[in-house]
Amino acid sequence: MDAELYKLTLEVISDSIKILGPAIITAIVGYKAGQFQLKLRIEELNKNNEFKAREKIFEFHKEKLTKVDESISKLNDGLGQFAGMALADREDESMITSFVASHLTSYIEGLPFQLNHINDELKKYSNDMPREVALMSQYIKEAPEVKLPSDPEGVQRAIVKLLEMYGSCSHCLRLLIEREALEIFESYTNNA
């Protein structure tokens, strides 16, 4: 190789390195910064999506709570009407008692299932809700004693007992729903 050509080649390589070196370093730094920004953006989107999903679940729990309130209100109204009917028509005891008793059947027969289901859910939080767990356990033992009434006084006693038990079920369901709703945002409220 000729000395002149060698010298020219070294100059071109040297100039190329002077020009391309910083451009390559800048490109690498830009690429790494872009990757980092992309990771931050993806993480931010994931957190936003997670929060939105938690909001949807929270809304679902709010709707459940509203439905529990509506259900217990309708139950109270219905049982109150049955109690009034049983008291009003004492003369026609057989007709009113059979009518009311037939309507009470579903409430009486469904009671053990409701109590056991709520009790199973409460056991998950037995340390936080010991009174409610004890109450449900007591009601589970008492549920078989609630029989289909055969007279107006029996109808009254059955209705009062059903109102008491279903009212307690409603209270326990509210506590469970509130607990689950609070757990949804627990990761956000731990630091608050």
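Cys 172 has its closest cysteine sulfur in Cys 169, 6.7 Å away, which is too far for a bond. A disulfide is a covalent bond between the sulfur atoms of two cysteines. Here it is counted when two cysteine sulfur atoms lie within 2.5 Å, and by this rule there are zero disulfides.

A word on how to read these values: this is a predicted model, where local features need pLDDT of at least 70, side-chain atom pairs count only at pLDDT 80 or more, and totals for chains, interfaces and linings use all residues. Residues are numbered from 1 along each chain as its sequence is written, and side-chain values use heavy atoms, with hydrogens and water left out.

Are these cysteines buried or exposed? Cys 172 is buried at 0% relative accessible area, and Cys 169 is buried too, at 3%. Buried means under 20% relative accessible area, exposed over 50%, and partly exposed in between, using a 1.4 Å probe and protein chains only.

Now for the rings. Rings of Phe, Tyr and Trp (its six-membered ring) pair if their centres lie within 6.5 Å; planes under 30 degrees apart are stacked, over 60 edge-to-face, and the rest tilted. This rule gives one aromatic pair. Tyr 107 and Tyr 166 form it edge-to-face, with 6.4 Å between centres and 75° between planes. The pair links distant parts of the chain, 59 residues apart: Tyr 107 sits in helix α2 (residues 93-123) and Tyr 166 in helix α4 (residues 152-184). Helices are DSSP runs (H or I, at least four residues), numbered from the N terminus. Tyr 107 is partly exposed at 25% relative accessibility, while Tyr 166 is buried at 11%.

Conventions: Helix = DSSP H or I, 4+ residues; strand = E, 2+ residues; numbered from the N terminus.
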